[in-house]
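Keep the sequence and the 3D view open while reading.

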Amino acid sequence: MLEHKKLLLYMSSMGIFNFVCAGFLLTTPYISSHYFSKITSSYSLFLICAAVGGLVGGLWLTVQKQKISSNRIFAEQICYGIILILGSLKFSIYSWIIIALVYGLIQSRFFGSMITFIQEETDISFLGRIFGLTFLFFDGIQPVGSFIFGFFVSTWGSWTYSVLGSLTLSLFGLIYFFNRKTFE
């Protein structure tokens, strides 16, 4: 029974991540066109920085010597929530680029690790079904996040990052606390 709770926690964390990610992905082109329209390549610059962050995160996982814990990954999400909030408080092209770099780094570490954690908790004969359910958790929440955030991005503007950061901080804070208290 304990393994199933942990598995559900991992799958839920993927859903939460993608819910917040939906808002993040809707905010990026809006910010580019409404805040940085004089910098014609701002959207491309953001995407390049996110990709570079992703490469760095992937390399970091590759060369990491110690085994990574789920709480470490959840703590990284909490740190990213804080970065989103701080980045929106002193919003500029530079804070926006930092948001992109850290997003790419955290996203690649999250996905690379979470899939491994799910595999470790699943009997090999159930792996296909569990990954099917995992992607239902993950992809099933995307339209909900897109629907909700789609109404507010134009109103909140750069403050959307504060909302996303607060959601990330609070939801992953709960997951971190529950995971630590229950499983470690």
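## The largest cavity

A cavity is a set of points, on a 1 Å grid over the protein atoms alone, where a 1.4 Å probe fits but cannot get out. Its volume is the space filled by probe spheres set on the points, which are joined across faces, edges and corners. The model is predicted: local features need pLDDT of at least 70, side-chain atom pairs count only at pLDDT 80 or more, and totals for chains, interfaces and linings use all residues. Residues are numbered from 1 along each chain as its sequence is written, and side-chain values use heavy atoms, without hydrogens and water.

The structure has 1 cavity of 30 Å³ or more. F17, V20, C21, F24, Q77, Y80, L84, Y103, I106, T168 and F172 line it (lining residues have an atom within 4 Å of a point). Two or more lining residues come from each of α1 (2-35), α3, α4 and α6 (160-183). Helices here are DSSP runs (H or I, at least four residues), numbered from the N terminus. α1 gives the largest share, 4 residues.

The lining has 9 nonpolar, 2 polar and no charged residues. Ala, Val, Leu, Ile, Met, Phe, Trp, Tyr, Cys and Pro count as nonpolar; Asp, Glu, Lys and Arg as charged; the others, Gly among them, as polar.

## α3 against α4

Helix α3 (residues 70-89) packs on α4 at about 160 degrees, with the axes 10 Å apart. Axes are lines fitted to C-alpha atoms over the stretch in contact, and angles run from 0 to 180 degrees between N-to-C directions. The pair is therefore roughly antiparallel (over 145 degrees). The crossing is left-handed (the near helix is turned anticlockwise from the far one by less than a right angle).

On the α3 side, the contact (heavy atoms within 4.5 Å) uses S70, R72, I73, F74, E76, Q77, Y80, I83, L84 and G87. α4 supplies S95, I99, V102, Y103, I106, R109, F110, S113, M114 and F117. By class, the α3 and α4 contact holds 12 nonpolar, 5 polar and 3 charged residues.

## α4 against α5

The axes of α4 (residues 93-121) and α5 (residues 127-156) come within 11 Å and cross at roughly 140 degrees.

F111, I115, I118 and Q119 of α4 meet L127, I130, F131, T134, F135 and F138 of α5. This contact has 8 nonpolar, 2 polar and no charged residues.

How values were computed
Parallel < 35°, antiparallel > 145°, perpendicular 65-115°, else oblique. 1 Å grid on protein atoms, 1.4 Å probe; cavity = no way out; pocket = protein on both sides within 12 Å on 5 of 7 lines; lining within 4 Å.
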